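Visitor: I am new to this structure and would like to learn how to read it. Could you take me through it feature by feature?

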Amino acid sequence: VIWGVVQFPGSCDERDALAAAGRTGEARLLWHGDGELGDVDGVIVPGGFSYGDYLRAGAIARFSPLMEAVSEFAGRGGPVLGICNGFQVLCEAGLLPGALLVNEGVRFVCRQVELVVESNRSPFAAELQQGERLSIPVKHGEGRYFAPDDLLDELEALGQVALRYAPGQNPNGSVRDIAAVTNEAGNVFGLMPHPEHAVDGLTGSTDGLKLFEGAAKAMA
Amino acid sequence: MVELEAESADDLPALCEKLLANPLIEDFEIETIE
């Protein structure tokens, strides 16, 4: 299995994403200015502050040459994981539904949170059980998931809400406690928590590794 | 608010739709000052 990890100017979690994905296969960096993904089996759009996020998180990155290739790859059913800023980029690119707004508390939050698995129909959630609780850290200033009520109803009905913050754990005011969503096909998965920071017991949790393992098994 | 100097205002709606505004969470108005 070969993972490609996208690097934009301003990305800052690409090394941890490489290390996490590298536990389940080969992982290599993909530069934002390149127009091709090469022979990767899965793509990770990592966290950070792409192009500085000065306009709106992910708004510029979605126009990078590599994102065209990522869109085509996702359209062919290729697995794509967006983490934090990567989630914002995928929403801006229209690969995932909804948008991420400034946290309800208007403060950057950095803490471990408990998540509940809502749906495991995506390959990234294939190793998770519905109702299972995960402990994964968040660190963001613009992580408040938003979508109109009719779209939220549709996402829930189709099983596109993959993870919710556990009761009392919502760190940013996300609607309906949503922490992760997928596209309709399930191959594109975005979340604000950082699974790449939860792959080694020395840092407190290995729950994040399950997302990489699930997708890697599907790719293999 | 974003202030731009432009030869023509014709391209501004497309610019706002593609780049400056996410229609899911934002709206925009264009005011032209000669």
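Predicted model: local features only at pLDDT ≥ 70, side-chain atom pairs only at ≥ 80, totals over all residues.

Guide: Start with one term: strands are DSSP runs of E of at least two residues, numbered from the N terminus.

Visitor: Why does A:Arg176 count as partly exposed?

Guide: Buried means under 20% relative accessible area and exposed means over 50%, with partly exposed in between. A:Arg176 has 29% relative accessibility, so it counts as partly exposed. A:Asp177 also counts as partly exposed, because its relative accessibility is 29%.

Visitor: Now the chains. How many helices and strands does chain A have?

Guide: Chain A has five helices and eleven strands. Its C-alpha trace spans about 40 × 35 × 35 Å along the principal axes. Of its 220 residues, 57% count as buried.

Visitor: What radius of gyration does chain A have, and what would a compact globule have?

Guide: A compact globule with 220 residues would have a radius of gyration near 17 Å, and chain A has 15 Å, which agrees.

Visitor: In what order do the strands of the open sheet lie?

Guide: The open sheet in chain A has nine strands in the order 2-1-3-4-11-10-9-6-7, with mixed pairing. Its edge strands are strand 2 (26-31) and strand 7 (133-140) of chain A, each of which pairs on one side only. From one strand to the next, the twist averages 25 degrees.

Visitor: How many bridges join strand 6 to strand 9 of chain A?

Guide: Three bridges join strand 6 (residues 109-117) to strand 9 (residues 161-165) of chain A, and this pair runs antiparallel. A:Val116 stands opposite A:Arg164, which is in strand 9 of chain A.

Visitor: Where do side chains point in a strand?

Guide: In a regular strand, side chains alternate between the two faces of the sheet.

Visitor: What secondary structure does chain B have?

Guide: Chain B has one helix and zero strands. Its C-alpha atoms fill a box of roughly 30 × 15 × 10 Å along the principal axes. Of the 34 residues of chain B, 12% count as buried. Its accessible surface comes to about 3300 Å², and carbon and sulfur atoms account for 48% of that.

Visitor: Which residues form the nonpolar patch on the surface?

Guide: The patch is formed by B:Val2, B:Leu4 and B:Leu15, which together have about 260 Å² of accessible area. B:Leu15 lies in helix 1 (residues 12-20) of chain B. Its relative accessibility is 31%, so B:Leu15 counts as partly exposed.

Conventions:
Residues numbered from 1 in each chain as written. Chains lettered and ligands numbered in written order. Heavy atoms only, no water. Pairing = 2+ DSSP bridges. Helix = DSSP H or I, 4+ residues; strand = E, 2+ residues; numbered from the N terminus. Axes fitted to C-alpha atoms, helices over the stretch in contact; angles between N-to-C directions. Patch = residues over 30% accessible without salt bridge, like charges linked within 9 Å, V, L, I, M, F, W, Y side chains within 5 Å. Areas by Shrake-Rupley, 256 points an atom, 1.4 Å probe, with all protein chains shown as cover. Salt bridge = Lys/Arg side-chain N within 4 Å of Asp/Glu carboxyl O. Buried < 20%, exposed > 50% of the residue type's maximum accessible area, 1.4 Å probe, protein only. Rg over C-alpha atoms; globule rule 2.2 N^0.38 Å.
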